[in-house]
Structure formats: structure tokens, C-alpha cells
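I opened a structure file today and kept notes on what I looked up. The entries follow in the order I made them.

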Amino acid sequence: MEDKRTFDAAIIGSGIGGLSVGILLSLLNYRVVIVERNPLPGGLMRGYRRDGVDCPVGVHYFGSFGEGEPLRRMCDYLGVADQMAAEEMGGGGAIDRYLFDDFIFDLPVGLDAFAASLEKAFPGDGRPIAAIVENLRMFSRLQKDFAFLSPAPLAIDPAFFAPLGDYLAGMDCSAGLRSVLGVSARWMGMPEDQCPVLYHHLALTSYLLSSWRLKGSGADLAGAFVARLKSLGGTLLCGDPATAILASGGAVEGVRLASGTVCRAPRVVAAIHPKKAMAMLPEGLVLPRRVRRVAELCETESLFAVNASVDAAVHPALPHNIFRLRTNRDGSIRGGVFYQMLRGREGRNLLVAITRSPYEEWRRWERTATGRRGADYEEEKASRAGKLLQDAEEVFGPLADAKVIDAYSPLTLRDWVDTPEGSPYGILRSVRQLPAAATLHRLGPSGLWLAGQNALSPGVFGTLMGSFHGVRQVVGADRFAPIYEGLAKGREKPGASG
């Protein structure tokens, strides 16, 4: 006999986006169920453990988590901030160190400090630096005021939807200044000629407010969100993938799971990739042109990463990230590697190295599954991991007693969180795709919404903002108004962290 359960809202995906939506709707007294394909909840924030070491995957660092700052205010409202064991980066110095072939730039905390560092590094760029910093200040105010959730229409200068490369060229930036400013775009999976200025400025200002990383593991972070959801009466079903979004008469009716269980709900929130959500809808329900529009969306570039343990006495943990970057003659970034040296245990520290890795490079193993890809795949991973560690010695010196714990490819990410081509940041929010991305909230039948990083922008801050935005669409402007007012005024919802 079919197992049917009834809820006010069904959410597909238990990453930080889906869990946040579930918490918010539960705070508004909706009966919520979150369905998750994997045995454990958390998505990319969970990370994984190898040889007793916690290896991060999707949460390497995040911005604006200081007291009263935007991310912290969202987490306070959700009631999870006090359980998120995080430490501020920088230690009074750099958040990031950018290593270029001919110079080094340390990214500090704070817009004033950033402006001073730029002026010192590029004394001939006074006019573009002043203009760029003023624009960053404006975007910082927009974030602090939660203007993107405001009931009032937000007017943004069309110039901020232009490619970052054109914007910097129009300001007559030097090659060095362009290189420094281009890093934030690449970390979102976009080169400067594709990244809208809007997304670049939002990301950079978030990290300049303050930058943080986890003290504990991603499992602890996921656990904080899960515990909050359950304390509010939310239901979490793991290890039972959603296979179909049920709909009739142009409106959703719930979700069918692989086990045959049906979660009846007049509202479905897809905190997953829009292509995956579209594939779950009944055939013929969505207009063909809209199906094609979603199918043609490009993904952000995927990654290859290696986690290795090293002798902590020789390689102490660092309070900042390191980017080793290669640039073209005009200063545009053509590639690089991101490094973290994290505190480990028992005399060992964790070296994380991540670089771009297009899905095409792994296409020949596309039809294989994690753990069953064959010896040639393992050899390819080992070869790339060895090369990354070799390159890391240019930055850290000879690596003392380095041991590869694990490496992961785009296929690993694809299989883990069911994202096309192993994209860690969802769809590519490039200048060319902005019009299509803006229509994703009208994905199909009434009662269906997107949330998380595919709703607004990637990253922890962007994903949470996308979840608040998704909830506003679900409940309507009037019912969302108290949430917005609480965020905008920096007030915690009474009892939200009880």
C-alpha cells in the first residue's frame, strides 16, 4: 500500500539552502518535510572524513559573519549562529594572500584597509581605485540593509550588469590592479569577461566585512541546521531520493520518492539544480521553450582538489588563504590554485589545494559511479594530486612528510550532490545567462519554487540569501515582511535561537 504523508511544504535537498528554507517555513508554522537522496543531510557543507581527518568540500571560508553583519544576522534569525563553531580569519593581518608572478598582494579586512592597500600597491591607479571603492561601499550598504529582500523595487545601474573585464578596462586600470580585482570572479567559477560586476562586488564586499572558517567539521555545521529544523517540528527523510514532482491542473501536489512514499504538499521548494528539478516534472507540463531554456544553461566550472596531511611542526596552520595565480599580459587571470593550511591533529596539519578542472577532462568516465571507475581513473587522480603537491612546494617549500589523504574530481561532486557536470556553484550566472537565470523562479507549475544558490548567487552568503528570497516567494510579501524587518534592523526574531 502506498505510503502517503501530508505536509504544507516539501523541500527537495538538504544542503544549507534546503535546510534554511525548512527552518524559515517551520518558524512560520508550516508543516515541512525535507527529502534528501544521500544517507546523511548537509550537501556540500558536510565534507567527509578520511583517515580520521575532516576534509572540507563546499565550505572553505565565508564572509560577513561578524556580530551584526549580514550573514550573522541571517543565521541569528534561523537560530543556528550560536551552534556554528567558526573562527575569524586574518589574525589582524591578511584574509587572502595573492601570489602573482611579479608581486604579492595581501587582502585585508575592511574596505578602508582594502583601499589603502590598493593605493599603496598601485599608486598610479588613484582614480579607478577611488571609483571602485565607492561602488563597493554602495554594495556593502545594500547587503547590510538587505536591499535584495526589500519590498520596494531595487534600482541597480545597468553598468553593474556588464562584464567585470569591460568595467575594469573602462576605468583604465593597470594590469596589476585588474589582476587583484579579478580574483573574486574566478572563485565564483567565472572569468572576468563573463562575471557581472554585480556578483563580483557582492562577493568581495562580503569577504571584506569579515572572513571566517569552521573550527569544527562540516558535519558539525550540518548538524546545527538539522537540529534546529527538528526542534521546530520539521521532518527530514534521508536516503530516499525524490524521483518525481507531482502536479495536476497546473499546480504541484507533492513529491514521490524512490521508495514509493508520496509526500503530499501544495508547495514544493527545489533546493537543487534547476535541470534536476525540471527532469522531475510531468512531461508536457512545462512549455517546450522553457524546457529548452533550462536545458541550455551552462554550469560553473568544476574543480579538482587534493587533501594531504603534512608535518605540523614544519607547516603550521595559516590564518589566511593563499591563491597562486597566473595572469595574461593585460592582467586578466588565466588560472591558479587555491590553498589552505588547516589545523589538524596529532602533529599533522591539512593542506587543501583546489584548481579548476573542466568536466570535459573527465568525460571518458562519465558513465561510471563513485568507487567503481577503474584503475585508469585512480591513476589519473593520483597523477593530478601529485602535480598539485609538487606545485605547492613553490609556495610552502619542500612538503615535509606529505601524504595524500584523498582527491576528488568533478565526477565526485556530480555523484555526491547530483549536480550536472560536477558544478559546485550551480548554473553559471554569467552576463550572457543573466536573463535566463532571472526567469528561473517561474520554472513551471504554480506552487513550485527554487531556493539556495540557484535562486540568487553561490557561496554561503548567496545561498542563504537565496533561501530567504525563496521563502518570500512561497509565503508572499505580507507574511514575509516581519522577517525582512527583523533582518534589516538587525534584530533577532524573538525566541528564534531558543
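**Ground rules.** I am working with a predicted model, in which local features need pLDDT of at least 70 and side-chain atom pairs count only at pLDDT 80 or more, while totals for chains, interfaces and linings use all residues. Residues are numbered from 1 along each chain as its sequence is written, and side-chain values use heavy atoms, with hydrogens and water left out.

**Cores.** I looked up the nonpolar cores (sets of buried Ala, Val, Leu, Ile, Met, Phe, Trp, Tyr and Cys residues joined through side-chain atoms within 4.5 Å). I took buried as under 20% relative accessible area, exposed as over 50% and partly exposed as in between, with a 1.4 Å probe and protein chains only. The largest core has 62 residues, and those touching the most other members are Tyr 61, Tyr 98, Phe 114, Leu 118, Trp 187, Phe 323 and Ile 354. Helix α7 (residues 197-209) gives the largest share of this core, 8 residues. I noted that helices (H or I, at least four residues) and strands (E, at least two) are DSSP runs, numbered from the N terminus. There is also a second, separate core of 52 residues, with Leu 27, Met 45, Leu 236 and Val 475 among them.

I then picked Phe 323 and listed its contacts (heavy atoms within 4.5 Å). Not counting residues up to four places away in sequence, Phe 323 touches Tyr 61, Asp 96, Arg 97, Tyr 98, Leu 99, Val 183, Trp 187, Val 337 and Phe 338.

**Cavities.** For these I used a 1 Å grid over the protein atoms alone: a cavity is a set of points where a 1.4 Å probe fits but cannot get out, a pocket is an open set with protein on both sides within 12 Å along at least five of seven lines, and lining residues have an atom within 4 Å of a point. Grid points are joined across faces, edges and corners, and a volume is the space filled by probe spheres set on the points. How many cavities of 30 Å³ or more does a search of the whole structure find? I got 5 cavities.

The largest cavity has a volume of about 260 Å³. Of its 18 lining residues, Arg 186, Trp 187, Gly 336, Thr 355 and Arg 356 are the closest to its centre. Strand β18 (333-345) supplies the largest share of this lining, 5 residues.

The second largest cavity has a volume of about 60 Å³. Its lining includes Tyr 61, Tyr 98, Trp 187 and Phe 323, four names I had already written down for the largest core. Helix α6 (175-187) gives the most to this lining, with 3 residues.

**Cysteines.** I searched for disulfides (pairs of cysteine sulfur atoms within 2.5 Å) and found 0. Cys 173 is buried at 16% relative accessibility, and Cys 75 is buried at 1%.

**Helix α12.** In helix α12 (residues 410-417), the buried residues are Pro 410, Leu 411, Leu 413, Arg 414 and Trp 416. Their cover includes β4, β16, α11 and β20. Asp 418 follows α12 and has a positive phi, near 55°.

Most residues other than glycine have a negative phi. Ser 64 is not a glycine, yet its phi is positive, about 55°. Glu 346 also has a positive phi of about 55°. Glu 346, in the loop between β18 and β19, is exposed at 70%.

**Helix α4.** Ser 140 lies in helix α4 (residues 126-144) and is buried, with a relative accessible area of 7%. Leaving aside neighbours within four places in sequence, Ser 140 is in contact with Leu 111, Thr 205 and Leu 209.
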